[in-house]
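This report describes selected features of the model shown below.

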Amino acid sequence: MPVDQRRINGPEVSVPYHIYSDFDEKSDKVKHDFSKRSDKRTNSEMRKIFLKIGIVSQAKGSAYIEMGNTKVVCSVFDPRELSNKNGYCTQGEIYCEFKFAPFSCQKRKIHQQNAEEKQYSLILQRTLEPAVCLHEFPNFQVDVYVMVLDNAGSSLAAAIMAASTALANAGVPMFGLVTASTIGIYGNHYLMDPTDTEEAICNTQPDKEDDFNHGIITLASLPQHNQISEVFLIGSIDTNTIKQATEMLTAANKDICPVLQQCLVKTIMKLHNEKK
Amino acid sequence: MEEYPPIIVRLAINRIDLNLIKNENVQPRIYTPGEEISSQPDFLRGHGTYVDDENTLRASVAGVLEKVNKLISIRPLKARYQGEIGDVIVGRITEVQQKRWKVDTNSKLDSVLLLSSVNLPGGELRRRSAEDEQTMRRYLQEGDLICAEVQSTFVDGSLSLHTRVLKYGKLSQGIMLKVSPALIKRKKTHFHNLESGASLILGNNGYIWIGANKQDSDRSEGGFTQDLSRIPQVNREVCARLRNCILILAQCNIQLTDTSVTYAYEESMKYKINELLEPEIMIDVSLLTHQRLIQQ
Amino acid sequence: MAETVLSSGEKIFILHGIDADFRNDGRRRCEYRSMEIETKLMPQTHGSARLHIGNTDILVGIKVELDVPHADKPNEGKLEFFVDCSATATPAFEGKGGDDLATEISNVLTAAYQTRNAFDLKTLCILPHKKCWKIYVDVLILQCGGNLFDAVGIAVKAALNSTEIPKITAATLDGGEPDIELSDDSYDCIQLDTSNYPIIITLCKIGDNYIVDPTLEEEMCSTSSIVMSMLPNGKISSVVKLGYGSIQFNTFTKMLQMGEIIGLRLNKTLMDVLKEENQFGRQRRIFGFLK
C-alpha cells in the first residue's frame, strides 16, 4: 500500500491505549447482558433518526443523518461527463466515496481509504444504482461523497440513507428512496441497529461453541417497490436465521421510509412558506 | 425438492489430451520466426518473411512455406483473419460513426460497413436521407451481429463490407461462436440449413452463427425487424447440441464444414447434450467423426 | 470485466433458455461445468492449487511467514488475501482496469474467512504478543471465462488444504526476545484444519430465474447476483449482492436456499477429490500447464 507522501501520517505503529486498559473487561463482553442494552432500548428497537438536508451549501444536494451517536454527512455534486475511456455509455454512472473521519472510530484512521472503506464505497454504489434512473443521464457520472463524522455502529446503513436523501435533494431522478438498517445476531438474540460495541460482540464467536449464530446483516431496500437493493452479511449464520433477520430488516426499512419522505417534504414546505 | 445434478471435479492426473488425431503420413516442414529459408539471391520476398543484412531470407512468422515461382512466403499457422473479396463473414458492431459502422471481424483492423452498403427497410432502391444518418443506431447498434460479404479491401488491410444481398443482414436469435479462421475453408456456400432444423453460417473469419429459427434466413428487410418470440424447446436443443459439437471439432482441430458438423451432430446423438462438455465424450465424438470423414 | 457486448437477439435467446431450464450449452440452471483441480504444483510455495472451470483459470499460491501479532489481538495470527487480475487474462485488466474486481474478490474472501467458525486465527499464534504465523493467500487470475468468485473460492480452499506449515519444536522467550526453533525435518509439517473452510457460491439472477456457474455471455445478461460463502457445517459466513439490479425479497430467500444445497454438495465433492489426490502421495506427477 503506497502511503501518501504529502501528508504527515502519525507513527505507523501507534495503538490506542484502550486495548490495554480494558483488556480484562474484554472477557466481560462475552457475558454481555442482552436483556438490557446500554442505551435502554429493547432488542428490536431502533435508535431515533435525525435527518436534515441541504446542509452543505456548495453541493448540489446534501444530507446529514444522526442515529444515536452515529453521525454521517453526505454530499452529491453536479453530474459531469465521463472521460471517453470505454466509448459511449448508454447508462449513467454513480461514483461513491465512503470515508470514516480520522477521529470517528476508536482507532485513528489515516486519510487514505483503507480496504474496509473501499469495500463500503462499492457497497454504497451498488445500493444506489438500482434506485437511480441511470438511463436518464447517459455518459454522465454523479459523485456521492459520504463522510462518517462519528461511528457508533450501523454507520453503513446511516450512510446509505444519507446518500439516498442527498440524491433526492440534488434532484437526481430516482425510482424510489433507499432505506437501510442493520441487525446484529448473537446466538438467538437479534439486536436491531447495533452500536459499535454491540457490533464488535456480534463479530466474535464465543469459545467452544461451533453451532452458534453470530454476525451482522445490513440490508438496503426500496420499500416502495418491495425490492432489496443490497445485502451485506458477515459472520456465521444459518439460512433460517438469515431469513428471519431479513424479514425484520425489511419491515424496519418500510417504517423508516416516511422519515425520509417527510424530511424532504418539510424542507420544501419551509422554502415555500418563506417565499410567501 | 428439486433434483440437483452432480458436480464433477476432476484431477489433473486424469487429464485427457484432446489432440489425439494425428496424420502420421504427412509431416509438414514448419518454419519458426528468424529461421533461414534461403540464402540464394533469386527469390521474391513474400508475406511472413524478411531479408537480413547478409541477404538471407528468413521467416518472420511460424508457419509453412508456400512457393509460387520465385515468390516465397510463409503462411502462418495461427493468424487473425485475412479478408478476401467475396468472403462471407459474421461480425459484431463495435462503434457507430458518421455514415458507417465499425465491425469486429477478427481481422487485424476493424472492418467498416458503410451506410450506403446496407439495405434499409423499404426496398432496395430507397434513397438514403440525412435522417437515416441520424438514426443509424436504430438499425444497428453496438453489440449487434451481422452477416456480410467482403466488398473490398483497403491498402492497410482493413475490410469494407456490404449486406446488399437478401441473405445478408442483421442476425437475430441464436448463438455466436469464435473459432480459429484456419478451421474454415472457403467454400461455395457458407449458409447451411441443416436437416435438424437450425441454420448455420460458417463465417470465413472464424465466427460461426447458429441461428435458432429457419424462417429467419429471409432477410428481405435487412433483418432489422427482429423476431424476438420464444424459440421452441426442440430448436433450442438442436442449437445447443450444434454449439457443443462445433466446439468439440474446433478443440480437436477438425475442419468445419457442413459435412463434418452434420457427422459430429449425428455421432453425438447417443449422448445427452450436457454430457458433450466432458472430455471423454468429446474425444469419442471427435474420433468417430474423424473416422467417418476419412472413409468418405 | 472483459467487455463483450451481446446483441439483443443473443440476450433474448439466453434469457428464454434459462427460463426453460435449458441453457445454451445444454446445462440446467443449477448445473456446474466440470472442473479440474491440481494442488501442490508450485514448489516455491507452502501450498498451491490451480483450478480450471470452462475457460476460467485460477492459480493460488500460499506463503507462510513470521510476523508480530496485532496489538489488540495478541494471541491471533494473520490471514491475508491478495487478488491479482493480471493483464494476461484480458486486456481489460491492464493498468488499473482489474483493480475494482480484485478488491471485490479479496473483500469477499476476507469476509468469508472472517468468522472463527471457519478459520481460527488462534491456531496461527506461536508466542502471544511476540510471534505468529502470517498466511499470505495470493490469487492469480490467468484466464477469465465467467464465474470468477466460485472458482477463486474453490481454488483458495484447495490451496489452503494443501498448505504445510513448518513445525515448531520449541518457542521460548529469551530475555524478552522470542526464540523459535523449527523442526529439522522439512517434511515434518502441520496441516491446517480445513474441515470448516467456506466455499463461495454465486447465484446469478437472469430474468426471473437464477443460475449457478454462469459463462461470460450469461453474466452479460445478468443485472444482479448474490455471492454467498457456505461453511460445510451449514452456516453462511457472508452474503453480498453484486451488480446494479435489485432483488425481490422472496427471490432472495429462494436463492439462499438453492445456494445452501449446492454449496454443501460442491464442498463435499471437492473434499473427496482432494482426498483422492492426496492418496497419490508425494511421488505424484505434477501436470501444471503442459499437455
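## Leucine 161 of chain B

Strand β13 of chain B, residues 159-162, contains Leu161(B). In this predicted model, Leu161(B) counts as buried because 25 other C-beta atoms lie within 10 Å, the cut-off for a buried residue being 20 or more.

When neighbours within four places in sequence are left aside, the contacts of Leu161(B) are Val103(B), Ser111(B), Val112(B), Leu113(B), Ser117(B), Ala148(B), Glu149(B), Val150(B) and Gln151(B). Asn253(B) is 92 residues from Leu161(B) along the chain, and 28 Å separate the C-alpha atoms of these two residues.

## Composition and domains of chain B

Chain B comprises 296 residues, of which 34% are buried. Its secondary structure consists of 5 helices and 18 strands. Of the contacts in chain B with a separation of 6 or more, 63% are between residues 24 or more positions apart.

Two domains are assigned in chain B: domain 1 covers 31-76 and domain 2 covers 88-295. Taken over C-alpha atoms, the centres of domain 1 of chain B and domain 2 of chain B are 35 Å apart. An unreviewed UniProt entry places the feature "domain: Exosome complex component N-terminal" at residues 30-68 of chain B. That span of chain B is 49% strand and 0% helix, with 17 Å between its end C-alpha atoms.

## Helix α5 of chain B

Helix α5 of chain B runs over residues 279-295 and has 17 residues. From its first C-alpha to its last it reaches 24 Å, close to the 24 Å expected at 1.5 Å a residue. Which residues of α5(B) are buried? They are Met282(B), Val285(B), Ser286(B) and Thr289(B).

On the face turned away from the buried side, α5(B) carries the exposed residues Glu280(B), Ile294(B) and Gln295(B).

## Contact between chains B and C

Between these chains, 36 residues of chain B are in contact with 39 residues of chain C. On the side of chain B that touches chain C, the elements giving two or more residues are β1 (9-11), β15 (174-178) and α3 of chain B. The most is given by α3(B), with 5 residues.

For chain C, UniProt lists "domain: Exoribonuclease phosphorolytic", from an unreviewed entry, at residues 31-166 and 196-259. Residues 196-259 of chain C are 25% helix and 45% strand, and the end C-alpha atoms of this span lie 17 Å apart.

## Nonpolar cores

The largest nonpolar core has 204 residues. Cys74(A), Val144(A), Val146(A), Ala159(A), Ala162(A), Ala163(A) and Ala155(C) are the residues with the most contacts inside this core. Helix α4 of chain A, residues 155-169, supplies the largest share of the core, with 11 residues.

Apart from neighbours within four places in sequence, Val146(A) is in contact with Val72(A), Cys74(A), Cys96(A), Glu97(A), Phe98(A), Lys99(A), Leu124(A), Ala159(A), Ala162(A) and Ala163(A). A second, separate core has 6 residues, among them Tyr31(B), Ile37(B), Ile72(B) and Ile74(B).

Technical notes:
Residues numbered from 1 in each chain as written. Chains lettered and ligands numbered in written order. Predicted model: local features only at pLDDT ≥ 70, side-chain atom pairs only at ≥ 80, totals over all residues. Core = buried A, V, L, I, M, F, W, Y, C linked by C-beta atoms within 7 Å. Buried ≥ 20, exposed ≤ 12 C-beta atoms within 10 Å, placed from the backbone. Helix = DSSP H or I, 4+ residues; strand = E, 2+ residues; numbered from the N terminus. Contact = placed C-beta atoms within 7 Å. UniProt positions renumbered as here; feature names shortened; annotations may be inferred. Expected span 1.5 Å × (residues − 1). Domains from an automatic or database assignment.
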